[in-house]
Amino acid sequence: MLIAAYIRISSLRCINKIKNFMPFSTVPDPDLPELERNHNFNFDLAVIGGGSGGLACAKEAVKFGAKVVVYDFVHPSPQNTTWGLGGTCLNVGCIPKKLMHSASIYGEVIEDAKRYGWATENKKHDWATLVENVQAHIKSQNWKLKIDLREKNVQYYNEYATFVDKNTIKSVNRRGQERTVTADKFVLAMGGRPNYPNIPGARDYAITSDDVFSLKYPPGKTLCVGASYISLECAGFLTGLGYDTTVMVRSILLRGFDRDCAEAVGRYMEDTGTRFLRPATVKNIECVKQPTDTTAPELKVFYELDGKEECEIFNTVLFAIGRTPLTDKINPEAIGLKYEKNGKVPVNDREQTNVPHVYAIGDIIDAPELTPLAIQVGRLLARRLYAGSSLLMDYVNVPTTVFTPLEYGSVGMSEATAIKKFGEDDIEVWHARHTPTEHTVRESPDLDKHNYVKLICVRSQKDKVVGFHYLGPNAGEITGGFAMGLIMGATKSDFDRLVGIHPTSSEVFTTLKITKRSGESIDVESC
């Protein structure tokens, strides 16, 4: 409660700062040439979408003298959830997800602490406290972003923007008031929203990741529909917080990721209390009891499991079955913008669309849907447009982490992708199972059988590492560090030459001795 109060006070200070702030002109950098303009439009650049990529692009562009406007507007979800500036990551994605994942990990630590001599009785989690503090943090960041734009002299409109013609945008605010502006260039960074299945009751009673992080009542018995990382991450932290959680999967887990690692994530979740239904699909949802401000509803879910019709009561149904870009919502036909049926916008290696002065970044293009990637792409694009840079984004070897209970970090290719590209005979897989030292005295040491590392190498290229995979604690920190090695073209011998830090999980990558083709045991011996 004290944390939430402090953040609210900070937010009020931010509000006052915005009200009292007088606009100023950006002082030109004397080391940069003055931006030359060959147009009479209101702005040099208009960015549609106030998420990570769009904001990064806008703030980078003003550094080089560009006059920039950013549009951001969030339509409520079917359950009437909305949020502020900052896009999916800050409001309903990476940030609240990591905080709730951390909350569930703290629950595990409390249990493990008993074995370390700590008295930890009466472990109980309060959903309302978690949501209050998570939302307070998010709102404070929303205001900081507004201040940042103001101080950098980026014009921000909390308005819904659509194209009128190739250089004109019409925007509408919440009160229905319209505004029309013109711009020389445009960056599309609208992101996407979660999909709902076309079945009875889905939009009426189910939620998505748009809603779960601000849910007023404890979710209770929850059904997470989908095998995506979003579904598994939500199911993971809900199980960790003590809720009866089921994951409904149509086919495979974590499509596009390494199969060994993806299935290990699923097995770990099953071993720690998450129930899986597969292969299964939801057919219908009916409301038996309406929710209140403090209690979840009762929902009757009809589904097909392995060809048989089933029915079960849940309190919350969360769909995580993919996302759709908001491309068709900006009147793309007005400028002749081409986009795919799934909403993705085709771009060249410069993020340029078929309309030469219109660019697209982030989740609306065919690239990994990752916040740091969108930020980097946005910055590089701004530098090419206004600073004379020619540096392009390298979409290979982008690290990522899935924050499931057993965290999964990866860089580069999966084993299947590497075999498809180089051939099975030219691939060498080095792998091992490991036990973090801090887990050696835990109450359930058998859970560490799922901790796993894998390096995928190309034999004909001096064992160049083209795939890095890690299952275990602190996956993001470990994967982020090793990613540099893959970017620099590291080989297996480079990993062997590296001296690991002892005793850590990361050092396992420096002592890998077993290949997959050998069939030998992959259990790592203790020092």
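Thr162 touches Thr168, Ile169, Lys170, Lys329, Ile330 and Asn331, leaving aside residues up to four places away in sequence, where contact means heavy atoms within 4.5 Å. This is a predicted model, in which local features need pLDDT of at least 70 and side-chain atom pairs count only at pLDDT 80 or more, whereas totals for chains, interfaces and linings use all residues. Residues are numbered from 1 along each chain as its sequence is written, and side-chain values use heavy atoms, with hydrogens and water left out.

**Individual residues**

- Thr162 has its place in strand S4 (residues 160-165); helices (H or I, at least four residues) and strands (E, at least two) are DSSP runs, numbered from the N terminus.
- Thr162 counts as buried because its relative accessibility is 18%, given that buried means under 20% relative accessible area, exposed over 50%, and partly exposed in between, with a 1.4 Å probe and protein chains only.
- Asp204, which lies in helix H6 (residues 202-205), is exposed, with a relative accessible area of 55%.
- The C-alpha atoms of Asp204 and Glu286 are separated by 9.1 Å, while the two residues are 82 residues apart along the chain.

**Surface patch**

- Tyr116, Trp118 and Val441 form a nonpolar patch on the surface, and together they have about 350 Å² of accessible area, a value from the Shrake-Rupley method with a 1.4 Å probe, for which only the protein chains shown count as cover for residues.
- Patches are made of residues with over 30% relative accessible area and no salt bridge, with like charges joined within 9 Å and nonpolar side chains (Val, Leu, Ile, Met, Phe, Trp, Tyr) within 5 Å; a salt bridge is a side-chain nitrogen of Lys or Arg within 4 Å of a carboxyl oxygen of Asp or Glu.
- Trp118 is found in the loop between helix H4 (94-113) and helix H5 (127-151), and Trp118 is exposed because its relative accessible area is 62%.

**Antiparallel sheet S11-S12-S13**

- An open sheet of three strands has the order S11-S12-S13, with antiparallel pairing; two strands pair if DSSP finds at least two bridges between them.
- The edge strands of this sheet are strand S11 (280-289) and strand S13 (308-314), each of which pairs on one side only.
- Neighbouring strands here are turned by 20 degrees against each other on average, direction ignored; axes are lines fitted to C-alpha atoms, for helices over the stretch in contact, and angles run from 0 to 180 degrees between N-to-C directions.
- Eight bridges join S11 to strand S12 (residues 298-305), the two running antiparallel, and Glu298 in S12 is the bridge partner of Lys289.

**Parallel sheet S10-S9-S8-S14**

- An open sheet of four strands has the order S10-S9-S8-S14, with parallel pairing.
- Strand S10 (275-277) and strand S14 (316-319) are the edge strands, each pairing on one side only.
- Strand S8 (residues 222-225) and S14 run parallel and are joined by four bridges, with Val317 in S14 as the bridge partner of Leu223.

**Strand S18 and its partners**

- Strand S18 (residues 408-412) is largely enclosed by the rest of the structure, because four of its five residues are buried.
- Three bridges join strand S17 (residues 400-402) to S18 in an antiparallel arrangement, a hairpin joins S17 to S18 through five residues, and Thr401 stands opposite Gly409 in S18.
- Five bridges join S18 to strand S21 (residues 464-471), which run antiparallel, and Ser410 stands opposite His469 in S21.
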